[in-house]
Amino acid sequence: VLKGVDFTVSKGSIFALLGSNGAGKTTIVNILSTLLKADSGEARICGYDVMREAINVRNHISLTGQYAAVDEPLSGRENLKMIASLRRLPQRNQTIDELLLKFGLLDAADRRVSTYSGGMRRRLDLAMSLIGNPSVIFLDEPTTGLDPQSRYAMWEMVKSLAHSGTTIF
């Protein structure tokens, strides 16, 4: 499926991978994010080989799927705390408060996510992906299901991340 694929993504850029259904876009993302092993070839993220140094790659990336991967019975704050714990993040509470503020979720932070709108869930999902300051964020159709105002806000956040040096794929 991926024979002859060759590209380089610059640090701090926004890279859009486009193609028709079945072209291999998801396969590429799955290989680059270490979820799938390639049959052959070479791929590097932040200088690390995705096949031989998968743990190092995972320490530098975050993956946000097409649908928000949030735990609905938990609050927004609890979702962020869970990811911060998994990433062994020091100063968790400060980081969580900063992300809640940045993504406009501070007022809803202690409500169950099941009460959030689709746009709020997407923003929380993106906030969760930023815990640990990943160098590369893989976004799969980040504006799916969002209204025009939320879409615009999402793209503004993506641009802001790229301006701060995060690579968006």
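Helices (H or I, at least four residues) and strands (E, at least two) are taken as DSSP runs numbered from the N terminus. The model is predicted, and local features require pLDDT of at least 70, side-chain atom pairs count only at pLDDT 80 or more, and totals for chains, interfaces and linings use all residues. Residues are numbered from 1 along each chain as its sequence is written, and side-chain values use heavy atoms, with hydrogens and water left out.

Just after helix H5, Gly-132 adopts a positive phi of about 90°. Of the 13 residues of H5, 12 are buried (under 20% relative accessible area, with exposed over 50% and partly exposed in between; 1.4 Å probe, protein chains only). Among the elements covering these buried residues are strand S3 (61–64), helix H4 (92–102) and strand S4 (136–139), with contact meaning heavy atoms within 4.5 Å.

Helix H3 (residues 76–86) also packs on H5 (residues 118–130), at an angle of about 25° and with the axes 9 Å apart. Axes are lines fitted to C-alpha atoms, for helices over the stretch in contact, and angles run from 0 to 180 degrees between N-to-C directions. H3 and H5 are therefore roughly parallel (under 35 degrees; over 145 is roughly antiparallel, 65 to 115 roughly perpendicular and the rest oblique). Gly-76, Asn-79, Leu-80 and Ile-83 of H3 make the contact with Leu-124, Ala-127 and Met-128 of H5.

The axes of H5 and helix H6 (residues 148–163) come within 10 Å and cross at roughly 10°, which makes H5 roughly parallel to H6. Here Gly-119, Arg-122, Arg-123, Leu-126 and Leu-130 of H5 meet Ser-150, Met-154, Met-157 and Leu-161 of H6.
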